[in-house]
Amino acid sequence: MRLRTIVLREIFERKSQLFTSFLAILLGITVIVSIKNITHYSEGAVAQEMDSLGANVMVLPKTATLQDYYNADLQSETIPEEYVTQLAMANLAGLDNISPKLSAPIQLQGKNYTLTGILPKNEFQAKAAWSGAGVFSRPIGCGASVGMMGSDDKKTLSRKKIIETLKDNEVLVGANVAANLKLKDADTLELLGKKFTVTAVLPETGTVDDARIFAHLHTVQDLTQKGPVVNAIEIIGCCQEISAGLVGKLNAVLPEAKVVTVAQIVKSQQNVNRMMSNLSLMFLVIIVFVGGASIANYMYANVFERRREIGTLMALGADSRLVLKVFLLKALLLGGAGGVGGYVLGSIFAFVLGPQLAGIRVWPMWELAIASIVISVGLTLVASFFPARSAARLDPCATFQEV
Amino acid sequence: MRLAMKLSLAVVLGLGMTMNVKAASPTEGASPNASRAVAALEAAAKQNKYLFVFFFDKQDAHTNAMQEVFQTAMAKMADRADAIAISVADPAEKPIVDKFGARGAPMPVVLAIAPTGAATHAFPKQFDEVQLQQAFVSPCTAKCMKVIQDQHMILICVQNSKTQLNQEATQGVKAFKADSRYGQATEVVMLDPADKAEQHFLTDLQVDPQTTTAVTVLVTPPGAPVARFTGAVTEEQITAKIKEAESGCGSNCSCHH
């Protein structure tokens, strides 16, 4: 009888115990792969958003959560639009651009999108003058807004979060919206009963903005009947002024709102990712103990119950190395199957749950396949080594005496 | 019902204005859908007067109280300013509400508009007579505010017959104005440092009124000075400062503190 045949027969000898041991490894690896996979793409999304986010300070309702900064304006709580005027009139040095947002979910051709109201730059900049001629006494160089002056390029919205002008009947559509609805510049689109002209299709950003349709803030307020409110105000603040306490000054101007820097929001997001990472580490520890103990128990029981067969095999000429090989090969196959199965299941879970739990697209990672197999096989080999060694050390005479 | 109340308040306040202030009567002969505020703005500009617009959205005790303050103050400034009350919900007044961005502002709000068409000050929610008087600015300030509100840059040339290097400064400014990239979006404003009316503006610009050398100040929307050049200035120097503002802490700021 060949070694492979012996090993395969040995594997299926105690099916119920084999199944529970296999399940312990499979589930453990599945959980680790899912969490690691989602965390990896979530961290990537945070980095990408950091790069694409023009704003560095956000004004949110007091009750708003900070876990998801790029969806901050999708929360149901609102703040009064007059906060924009208060900010513009505060005459704070370093307040380069202000971008209020009001968002509402909409359905187009059976698919869900977000209609986001924004205020073009020319409208909030006009309010800076409301504070009087003191606007000219700001420190040299801070709060200057030269880059987009005179620009009518609406696509600046995707990178700088601001556009120069936007009419009541104009919309800008995200890349995904345009692709799904086959929209291009100058097309018309009906939203909540009002006809709009697509003034620009925004370049793909890889963020939630790709699934947004941007219209004038006041138009969105009217269509959604939400009144003069916004969900969030994004602020592009001068770096040196932020360091010099701009956030504190903003808090003083708007004590009823929550003023946070993007760094704070990102930190919150990173904390969630770190928690997920720690969770996967915890699962790893659990799988090592529970899975390892389960396999060791299974192997010991197997060796104890089959010591007569082992004794017979050794009496027929099999040496200790062959017995050791049989049990270790069995562990290898068990670990390999658990690793591969856990990786496949974990990747499927991550692919399905990633968009729902973290709002991001998740793809399988081959690096995790290697790690899964190494961990799973390593664990089963270590857990099986001592039972296998005790089987290999069995004395055939002693086992026959028990008959 | 609510709109009717707002419109009635507009009429009441409008009547109040014409009774207390020597305001123009823009509604006379105008069509019912015509904007009273636009007509009042034109009339005030023709007379070289300011127009104070009282924007409101609802009729409540606070609005009424502020209306009284407004009427009293405007009566005392009738020789310098006209006044009008506008409901932000009045469809006929949408052009003026949109133009000055009154919608969404804290209400009621008084907006002072100079004869140049520039909004020189706003007084939201709570204000008094003394504050309203602060809305008047110097002619050069009003001119610069108009340029800035039109989203243009300004090169303010502070010089007179007593300052040195006037020509060297003016040459650079002219060359910059001729630059196709920035010229269209730039206005040049001359400012005499000895002009008594402009002393406050000079202080805001941080330019010494006693300066013996020409000073050129580059200001971009929403009113922030980008650079100040003393003496001669070249087109390249001005362009370099703009590029610095573009790539630094201006609109391209990419720091995420």
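**Two chains of a predicted model**

Biologist: How are α12(A) and α13(A) oriented relative to each other, roughly parallel or roughly antiparallel?
Modeller: Helix α12 of chain A spans residues 320-357 and helix α13 of chain A spans residues 366-392; their axes lie 7 Å apart at an angle of about 155°. An angle over 145 degrees counts as roughly antiparallel. Therefore α12(A) and α13(A) are roughly antiparallel.

Biologist: How many nonpolar residues are there in the contact of α12(A) with α13(A)?
Modeller: The crossing of these two helices, α12(A) and α13(A), is right-handed. The residues of their contact include ten polar and one charged, and the number of nonpolar ones is 20.

Biologist: For chain A, what percentage of contacts between residues at least 6 apart in sequence join residues at least 24 apart?
Modeller: Chain A has 14 helices and eleven strands. Of its 403 residues, 45% count as buried. Among contacts in chain A between residues at least 6 apart in sequence, the share joining residues at least 24 apart is 83%.

Biologist: Which residue in β4(B) stands opposite B:L111?
Modeller: Strand β3 of chain B, residues 109-113, pairs with β4(B) in the antiparallel sense over five bridges. In β4(B), the residue opposite B:L111 is B:A122.

Biologist: What is the omega of the cis peptide bond that joins B:M107 and B:P108?
Modeller: B:P108 sits in the loop between α4 (94-99) and β3 of chain B. For the cis bond from B:M107 to B:P108, omega is about -10°.

Biologist: Is B:N48 buried or exposed?
Modeller: B:N48 is in the loop between α2 (36-46) and β1 of chain B. It is not a glycine, yet its phi is positive, about 55°. Because B:N48 has 11 C-beta neighbours inside 10 Å, and the limit for this class is 12 or fewer, B:N48 counts as exposed.

Biologist: How many other C-beta atoms lie within 10 Å of B:K125?
Modeller: B:K125 belongs to the loop between β4 and α5 (129-133) of chain B. This residue, B:K125, is not a glycine but has a positive phi of about 60°. B:K125 is partly exposed, and the number of other C-beta atoms within 10 Å is 15.

Biologist: Why does B:Q149 count as buried?
Modeller: B:Q149 is in helix α6 of chain B, residues 139-149, where ten of the eleven residues are buried. Among the buried ones are B:C144, B:V147 and B:I148. A residue needs 20 or more other C-beta atoms within 10 Å to be buried. B:Q149 is therefore buried, as its number of other C-beta atoms within 10 Å is 24.

Biologist: What distance separates the C-alpha atoms of B:Q149 and B:P221?
Modeller: Just after α6(B), B:Q151 takes a positive phi of about 65°. B:Q149 and B:P221 are 72 residues apart along the chain, and their C-alpha atoms are separated by 7.2 Å.

Biologist: How far apart in space are B:R181 and B:T239, C-alpha to C-alpha?
Modeller: B:R181 is in the loop between α7 (166-177) and β6 (186-191) of chain B. With 11 C-beta neighbours inside 10 Å, B:R181 counts as exposed. B:R181 and B:T239 are 58 residues apart in sequence, and their distance in space, C-alpha to C-alpha, is 9.7 Å.

Note on methods: Residues are numbered from 1 along each chain as its sequence is written. Chains are lettered from A and ligands numbered from 1 in the order in which they are written. This is a predicted model: local features need pLDDT of at least 70, side-chain atom pairs count only at pLDDT 80 or more; totals for chains, interfaces and linings use all residues. Helices (H or I, at least four residues) and strands (E, at least two) are DSSP runs, numbered from the N terminus. Axes are lines fitted to C-alpha atoms, for helices over the stretch in contact, and angles run from 0 to 180 degrees between N-to-C directions. Angles under 35 degrees count as roughly parallel, over 145 as roughly antiparallel, 65 to 115 as roughly perpendicular and the rest as oblique. A crossing is left-handed if the near helix is turned anticlockwise from the far one by less than a right angle, and right-handed if clockwise. Ala, Val, Leu, Ile, Met, Phe, Trp, Tyr, Cys and Pro count as nonpolar, Asp, Glu, Lys and Arg as charged, and the others, Gly among them, as polar. Two strands pair if DSSP finds at least two bridges between them. Two residues are in contact if their C-beta atoms, placed from the backbone, lie within 7 Å.
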